[in-house]
Amino acid sequence: MGSRDREQTRRRLLDAAFVEFAAYGIAGARMERIARIAGCSAGLAYTYYGGKEELFDAVQSEVVDAAFVQFDAVDLPGYAARLYDRQHEHPEFARLATWHRLERPGRVSRSAEIEAIRNAQNCGLVSGRFSAEQVLALVLAIASMWANVPADGSDHVIRRRTVEDAVRRLVEP
């Protein structure tokens with residue numbers, strides 16, 4: 001098997017795992033089902049990734065890159081709106097993030113964002129009513145509050161404005 005074939009098989013496994021993990025999480029996902037969707041044997045899937053945990057990590061790494069939204073502690077309303085937009089465009093990103101929080105808690109470091117918020121608070125640009133950790137948690141919660149609720153086109157615009165306004169009111173000094 002050439003390197004191109006290996007790369008295509010790896011890609012098919014990642015694509016199939018993305019769908020499987022978004023639907024079932026780590027605990028509910030089945031390597032046999034992922035392999036079948038990818039058009040290979042479960043043994044080959046285990047050869048490439050070792051198991052569900054490693055495959056989930058590979059999928060999560062790709063999703064983090066694809067779902068990236070520029071963080072700006074001075075413009076938290078804009079950041080929240082961009083997060084909302086990304087989740088609206090790709091609801092499976094939100095589902096994977098939810099599974100990650102449920103099944104892999106504490107594995108994501110947000111220390112850089114927390115420090116940036118803390119600095120913005122010290123400069124008087126962001127309210128100090130809540131700790132930097134609480135501000136980040138609230139901003140993330142507000143941005144994702146409609147992640148699993150379908151919206152038609154007009155709802156999306158209203159929801160986006162609501163997210164932006166709620167975060168603006170939360171962080172205004």
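Predicted model: local features only at pLDDT ≥ 70, side-chain atom pairs only at ≥ 80, totals over all residues.
Cys123 is exposed, with a relative accessible area of 60%. Now select Cys40. Its relative accessible area is 16%, so Cys40 counts as buried, the cut-off for that being under 20%. With cysteines on display, a viewer might be asked to draw disulfide bonds. A disulfide is a covalent bond between the sulfur atoms of two cysteines. How many disulfides does a search of the whole structure find? The search returns zero.

**The whole chain**

Zoom out and show the protein as a cartoon. Its secondary structure consists of nine helices and zero strands. Read from the N terminus, the order of elements is α-α-α-α-α-α-α-α-α. The C-alpha trace spans about 60 × 35 × 30 Å along its principal axes. The protein has 173 residues, and 38% of them count as buried. Consider next the contacts between residues at least 6 apart in sequence: 65% of these join residues at least 24 apart.

**Helix α1**

Select residues 3–28, which form helix α1, and pick out Arg11 within it. Arg11 has 34% relative accessibility, so this residue counts as partly exposed. Arg11 and Gln134 are 123 residues apart in sequence, and in space the C-alpha to C-alpha distance is 38 Å.

**Helices α2 and α3**

Select residues 31–38 for helix α2 and residues 42–49 for helix α3. The two helices pack at an angle of about 100°, and their axes are 8 Å apart. Angles from 65 to 115 degrees count as roughly perpendicular, so α2 is roughly perpendicular to α3. To see the contact, show the side chains of Met31, Glu32 and Ala35 in α2, together with Ala42, Ala45 and Tyr46 in α3. By class, the residues of this contact of α2 with α3 are five nonpolar, no polar and one charged.

**Helices α4 and α6**

Move on to helix α4, residues 52–66, and helix α6, residues 91–103. The angle between α4 and α6 is about 130°, with their axes 11 Å apart. Are these two helices parallel, perpendicular or oblique to each other? At that angle α4 and α6 are oblique to each other. The crossing of α4 past α6 is left-handed. On the α4 side the contact is made by Phe56, Val59, Gln60, Val63 and Ala66, and on the α6 side by Phe93, Leu96 and His100. Colour this contact of α4 with α6 by class, and the residues divide into six nonpolar, two polar and no charged.

**Helices α5 and α6**

Arg86, Gln87, His88 and Glu89 in α5 meet Pro91, Phe93 and Ala94 in α6. The contact of α5 with α6 has three nonpolar, two polar and two charged residues.

Is Gln87 buried or exposed? Gln87 has a relative accessible area of 16%, so it is buried. Which residues is Gln87 in contact with, leaving aside its neighbours within four places in sequence? They are Ala94, Ala143, Ser144 and Ala147.

**Helix α7**

Select residues 111–122, helix α7, and find Glu113 there. Glu113 counts as buried because its relative accessibility is 17%. Setting aside neighbours within four places in sequence, Glu113 is in contact with Phe71 and Leu136.

**The loop between α8 and α9**

Finish at the loop between α8 (132–143) and α9 (153–171), and select Pro150 in that loop. Pro150 has 75% relative accessibility and so counts as exposed. Pro150 and Pro91 are 59 residues apart in sequence, yet their C-alpha atoms are 9.2 Å apart in space.

How values were computed. Residues numbered from 1 in each chain as written. Heavy atoms only, no water. Axes fitted to C-alpha atoms, helices over the stretch in contact; angles between N-to-C directions. Helix = DSSP H or I, 4+ residues; strand = E, 2+ residues; numbered from the N terminus. Contact = heavy atoms within 4.5 Å. Nonpolar A, V, L, I, M, F, W, Y, C, P; charged D, E, K, R; others polar. Disulfide = S-S within 2.5 Å. Buried < 20%, exposed > 50% of the residue type's maximum accessible area, 1.4 Å probe, protein only. Parallel < 35°, antiparallel > 145°, perpendicular 65-115°, else oblique. Left-handed = near helix turned anticlockwise from the far one by under 90°.
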